[in-house]
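Subject: Structure handover

Hello,

Here is the structure you were going to look at. Please open it beside this email and follow along.

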Amino acid sequence: MSRAGVIRALLFFGVLTALPFAVTAHWIVNLGVFTLIYAGLASAWNLVGGLAGYPSLGHAAFFGAGAYAEAIYFQHRDAGANGLMPFLVLPIVGAGVAVLGLAVGWIAMRTRSDVFAIVTITLLFVAQTLAFNLNSLTGGSQGIGMPPAPFDVDTYERPFYLVLVLLLAVSMGVTWAALHSGAGLSLQAVAADEERARGIGVHVTGVKLLAFAVSVGIAGMIGGVWAYYVSFIYPQFAVDPLITIGMVLMAYLGGRGTLWGPVLGAFVLVPAQQYLAYQYGATQLYLIAYAAVFLLIMLLLPRGILPSLSHLLRRRHAATGRSPDETTQDPADAASTEAGTVAEEMAR
Amino acid sequence: MTALLEVEHLSKRFGGVTAVDDCSFTVQHGAVTGLIGPNGSGKTTVFNLATGYLHADSGRIVFAGRTLARPDPAALYRAGLSRTFQHARIFPRLCALDNLIVAAGHPWRSLFTRRRGHADSDRALALLEEFGLAAHAEHPAGELSYGQRKLLEFASVLMSEPKLVLLDEPTAGVNPTLVATMEQHIRHRHAMGISFLIVEHDMNLVMRLCDPVIVMDRGTRIAAGPPDAVRADPAVLDAYLGQ
């Protein structure tokens, strides 16, 4: 990892971790929790949708599977003396959902691009219908409850928040490791031209199934935390197309296939959505405003924020005939050069 | 010389069209074999069948002494059978160096090791050097010219140290200078011990470079032999010029 990359990661996660200790306003930490949920989901989705080029629309099904796994296990149990049990079982939930993903991916990943998107969104609705109808297991439309978390009321959100920071770190760590290993190279080849990738000996089926399993496993763990946080889950919210759409939009917005893009997308879109809902909530105008934000960015930065930015800055360098590492006298130029390299590096 | 690739009684139909019809030929170890024929005579289909991209309706493929009932492109590639495509297929977003490294035919565990191993990088850089692409090593392959892409694709399939390389129209659509460059690279690699099977429409190049030459028409082999013999063969003249 480059030193700048280490510093950026440390700074980002340092600030994130410190935030709930510095700010105690419930609405901010609550906003933080939902931003982190989506950042983690978008980052996990990116492994499949970005790196491997398989636009899954079914990830909410695995988010829901994780949520229900937690809720079903804990419906007649308590959350442990300090309320940490639901967090401690997350790795098991994640592994279980990953195995489920392996089975689903083995079938679904025989299709590609738009067909794959349709197959996976169908899967989402199948999962939702199951959640509605498997009454004995999921409680159907009545929903199912988690044990109350015995956390201090003043800092109630903090443990959820911190666990979500950890899961985001896991997701981004996996993405980073993928990008810097043979797996990422193989996935990028699969995304570009799967048939040729197979023809030059890339382990196509293995690597894309691995990416899918890891991706949905992380989504399942985030679903588990969400279930505990909201404490009562219903099929229409646990297996919700809006969750799928949210993570996909954020990954597209920030830049598919990049390490920071999907996270950036979540940190822009979730607060924007909340703000607009707060401003225009009563009139439904907020949905239009939300769509407008998204359309505007897609119009101006069609490849997503990070890739478009790095492309733009690289073109500017080419136009001025200077290479990015040539430092200049003009401080403004130097700043833009700096920003260019950072954006380029983050876009990798 | 021994047979490296044997194509035996291969047939392939697409709906009502018989693209390859009971076609048999062999590619000898150490030879540069040309595969020519009028448009639509089934050359590319034979390529696709031999490399496992398509499955034959009947017939069989024997590569390096192994009979393959259902050839799989990945397994064949690792066994030493590489190919290029008519319209250079490269990974445009990956840099030239990564385009080579990804084609090294790695084992499973390489998914969990570094993206660019030292040995791979060195070998890839040497290949880029050989093909005059070293200056583009870190640039996206999509920025290369069409001719350079063809060179890059050729270079990339050499990463697996193949026994036989199938080139599908290596000089189609590239400028005359690059045709000469491509020919040099093929000769150089041939001298290093790689066998070739080349589909090509540039007859001058085929006659210079290939021996033997196999001629296909309407999905089957109509002639095979040294270039001069093939050129004088009435069946070949008939296929190309008609009666």
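Residues are numbered from 1 along each chain as its sequence is written, while chains are lettered from A and ligands numbered from 1 in the order in which they are written.

Confidence

The model has ipTM 0.89 and pTM 0.89. Where pLDDT is low, predicted coordinates should not be read in detail.

Contact between the chains

Two residues are in contact if their C-beta atoms, placed from the backbone, lie within 7 Å. By that rule, 20 residues of chain A and 28 residues of chain B take part. Helices (H or I, at least four residues) and strands (E, at least two) are DSSP runs, numbered from the N terminus. On the chain B side, two or more residues each come from helix 2 (73-79), helix 3 (96-101) and helix 5 (146-157) of chain B. Helix 2 of chain B gives the most, with 4 residues. The chain B side divides into 14 nonpolar, 7 polar and 7 charged residues. Here Ala, Val, Leu, Ile, Met, Phe, Trp, Tyr, Cys and Pro count as nonpolar, Asp, Glu, Lys and Arg as charged, and the others, Gly among them, as polar.

Axes are lines fitted to C-alpha atoms, for helices over the stretch in contact, and angles run from 0 to 180 degrees between N-to-C directions. Angles under 35 degrees count as roughly parallel, over 145 as roughly antiparallel, 65 to 115 as roughly perpendicular and the rest as oblique.

The axes of helix 2 (residues 26-51) and helix 8 (residues 158-179) of chain A come within 9 Å and cross at roughly 20 degrees. These two helices of chain A, helix 2 and helix 8, are therefore roughly parallel to each other. Their contact includes Leu36(A) and Gly40(A) from helix 2 of chain A, and Leu164(A) and Leu168(A) from helix 8 of chain A. By class it has 17 nonpolar, 6 polar and 1 charged residues.

For helix 3 (residues 59-74) and helix 12 (residues 241-254) of chain A, the axes come within 8 Å and cross at roughly 120 degrees. Helix 3 and helix 12 of chain A are therefore oblique to each other. His59(A), Ala60(A) and Phe63(A) of helix 3 meet Pro241(A), Ile243(A), Thr244(A) and Met247(A) of helix 12. That contact divides into 5 nonpolar, 2 polar and no charged residues.

Strands in chain B

Two strands pair if DSSP finds at least two bridges between them. Chain B has an open sheet of 4 strands in the order 2-1-4-5, with antiparallel pairing. Strand 2 (17-28) and strand 5 (66-68) of chain B are at the edges with a single partner strand each, so one side of each has no neighbour in the sheet. The twist averages 20 degrees from one strand to the next. Strand 4 (residues 58-63) and strand 5 of chain B pair over 3 bridges in the antiparallel sense. Elsewhere, strand 9 (residues 213-217) and strand 10 (residues 220-225) of chain B pair in the antiparallel sense over 5 bridges.

Regards

Conventions: Predicted model: local features only at pLDDT ≥ 70, side-chain atom pairs only at ≥ 80, totals over all residues.
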